[in-house]
Amino acid sequence: MNTANLQLEGLYLAIASINSALVGKGLLTVEEIDMALRRAEANAAGEDRLTEDLRPANRDAVCFPIRLLQIANNSQAAGDVPQFSELARLVGETKRPYNDQM
């Protein structure tokens with residue numbers, strides 16, 4: 001596996017843990033983090049000039065970390081952040097289709 005991919009895995013898990021700590025300390029709610037991530041995904045997957053030339057697979061790549069963090073955020077009630085492989089599997093299972101096909 002590419003070293004950069006491993007570094008990104010660690011970064012995603014670190015951000016998920018930070019989000020969990022923010023909720024634990026009462027600084028943000030799960031819902032507030034979810035809304036922030038939804039806004040980020042809407043911006044990343046939107047039809048603006050930055051993404052209109054992206055193929056659906058590339059949009060999925062851009063949205064993957066956001067979706068992974070959403071799933072990690074919404075699974076906080078279960079306790080610890082799930083392993084990366086479990087989060088990635090869940091992202092794949094919840095992938096939404098795009099309106100356009102390139």
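The axes of helices α2 and α3 come within 10 Å and cross at roughly 175°. Here the axes are lines fitted to C-alpha atoms over the stretch in contact, with angles running from 0 to 180 degrees between N-to-C directions. The two helices are therefore roughly antiparallel to each other, a label given to angles over 145 degrees, where under 35 counts as roughly parallel, 65 to 115 as roughly perpendicular and the rest as oblique. Helices, in this account, are DSSP runs of H or I with at least four residues, numbered from the N terminus.

Before I continue, a word on the source. This is a predicted model, in which local features need pLDDT of at least 70 and side-chain atom pairs count only at pLDDT 80 or more, while totals for chains, interfaces and linings use all residues. Residues are numbered from 1 along each chain as its sequence is written, and side-chain values use heavy atoms, with hydrogens and water left out.

Which residues make the contact of α2 with α3? From α2 they are V30, I33, D34, L37, R38, A40, E41, A44 and A45, and from α3 they are R59, V62, C63, I66, R67, L69, Q70, N73 and N74. Contact means heavy atoms within 4.5 Å. By class, 10 of these residues are nonpolar, three polar and five charged. In that scheme Ala, Val, Leu, Ile, Met, Phe, Trp, Tyr, Cys and Pro are nonpolar, Asp, Glu, Lys and Arg are charged, and the others, Gly among them, are polar.

Two salt bridges involve residues of this contact. A salt bridge is a side-chain nitrogen of Lys or Arg within 4 Å of a carboxyl oxygen of Asp or Glu, and the whole structure holds five. R67 and E41 meet in one of them, at 2.6 Å from N to O. Because R67 lies in α3 and E41 in α2, the pair ties together parts that are 26 residues apart in sequence. Are R67 and E41 buried or exposed? Both are buried, which means under 20% relative accessible area, with exposed being over 50% and partly exposed in between, for a 1.4 Å probe and protein chains only.

D34 and R38 form another salt bridge, with their closest N and O atoms 2.7 Å apart. Both lie in α2, four residues apart, about one turn of the helix. D34 counts as buried at 10% relative accessibility, whereas R38, at 47%, is partly exposed.

I turn now to the nonpolar core, defined as a set of buried Ala, Val, Leu, Ile, Met, Phe, Trp, Tyr and Cys residues joined through side-chain atoms within 4.5 Å. The largest one has 15 residues, of which L37, L68 and L87 touch the most other members. Helices α1 (3–24), α2 (30–45), α3 (56–74) and α4 (84–93) each supply at least two residues, and α3 gives the most, with six. Leaving aside residues up to four places away in sequence, L68 touches Y12, F84, L87, A88 and V91.

V91 itself is found in α4 and counts as buried at 7% relative accessibility.

R89 pairs with E86, the closest N and O atoms being 2.5 Å apart. R89 is partly exposed at 39%, and E86 is likewise partly exposed at 30%.
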